[in-house]
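Dear colleague,

Please find below the structure that I am handing over to you, followed by a summary of what was found in it. I would be grateful if you read the summary with the structure open beside you.

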Amino acid sequence: MKKAALLFLALPALACARTEEPAPAQKALSCVSSEGGSVSVENAWVREQQDASAMTAAYFSLCNGGSAPVTLIGLSTPIAGMTELHETSRGENGAVSMAPTGAITLAPGERVIFEPGGKHAMLMSLSGPVASGDHAALTLEFEDGASIAVDAVAKSLVDAATGNDGHDGH
Ligand SMILES: [Cu+2]
């Protein structure tokens with residue numbers, strides 16, 4: 001009887017905590033780090049954009065596998081004349097907005113996920129339309145002068161959400 005009463009009391013508190021946190025921040029963001037380990041980039045993709053005069057965004061998962069902090073300062077790609085690290089958030093009134101994040105520092109073993117609705121690399125001044133299946137080289141730039149080049153494939157938001165790799169018809 002006592003146990004049931006405690007559970008009953010605990011439930012409203014849990015439900016409350018859940019609604020107060022924005023969804024992207026809830027994930028366990030860690031990865032394996034070691035002495036001599038390195039920074040890795042996984043699942044890089046770019047959102048397709050038919051309108052070359054509009055903007056699009058690049059997304060990826062970044063893991064600091066090393067034993068010292070690293071700071072991502074930006075990203076470059078041949079498909080965009082201008083890029084900026086952004087974060088989308090939902091304000092108190094429910095309005096969605098985005099703002100530059102500035103440099104992002106990852107502790108050893110920390111993972112930062114860039115994804116729709118959260119952090120993203122805004123790609124502006126596009127060199128042309130970005131079609132699903134196109135490839136784009138992304139170069140992530142770090143404060144210590146290091147850079148990491150990865151190949152990103154263009155996908156629609158729907159394909160990205162459903163795990164389709166953008167290679168339809170291949
Ligand atoms: Cu943005």
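Which residues coordinate the copper ion? Please bear in mind that the model is a predicted one. In this model, the copper ion is coordinated by the ND1 atom of His86, the SD atom of Met98, the NE2 atom of His120 and the SD atom of Met122, at 2.1 to 2.3 Å. The site has 4 donor atoms, and with angles of 97 to 119° among them it is tetrahedral. Along the chain, the donors follow the spacing H-x11-M-x21-H-x1-M.

Met122, with a relative accessible area of 4%, is buried.

Trp45 is found in strand S1 (residues 39-47) and Tyr59 in strand S2 (residues 56-64), so that the pair links distant parts of the chain, 14 residues apart. Both Trp45 and Tyr59 are buried.

Phe60 and Phe114 also form a pair: their ring centres are 4.4 Å apart and their planes are at 25°, so this pair is stacked, because planes under 30 degrees apart count as stacked. Since Phe60 lies in strand S2 and Phe114 in strand S7 (residues 111-114), the pair ties together parts that are 54 residues apart in sequence. Phe60 counts as buried at 1% relative accessibility, and Phe114 counts as buried at 2%.

Finally, some remarks on the chain as a whole. The chain has 2 helices and 10 strands, and read along the sequence these follow the pattern α-β-β-β-β-β-β-β-β-β-β-α. Of its 170 residues, 35% count as buried. Among the contacts in the chain with a separation of 6 or more, 68% are between residues 24 or more positions apart. The chain exposes about 9900 Å², of which carbon and sulfur atoms supply 57%.

Yours sincerely,
A colleague

Technical notes. Residues are numbered from 1 along each chain as its sequence is written. This is a predicted model: local features need pLDDT of at least 70, side-chain atom pairs count only at pLDDT 80 or more; totals for chains, interfaces and linings use all residues. Side-chain values use heavy atoms; hydrogens and water are left out. Helices (H or I, at least four residues) and strands (E, at least two) are DSSP runs, numbered from the N terminus. Buried means under 20% relative accessible area, exposed over 50%, partly exposed in between (1.4 Å probe, protein chains only). Rings of Phe, Tyr and Trp (its six-membered ring) pair if their centres lie within 6.5 Å; planes under 30 degrees apart count as stacked, over 60 as edge-to-face and the rest as tilted. Donors are N, O and S atoms within 2.8 Å of the metal (3.2 Å for Na, K and Ca); water is not among the atoms, so sites may look incomplete. Four donors count as tetrahedral if all angles lie between 85 and 135 degrees; four count as square planar and six as octahedral if opposite donors are over 155 degrees apart and all others between 65 and 115; anything else is irregular. Contact means heavy atoms within 4.5 Å. Accessible areas come from the Shrake-Rupley method with a 1.4 Å probe; for residues, only the protein chains shown count as cover.
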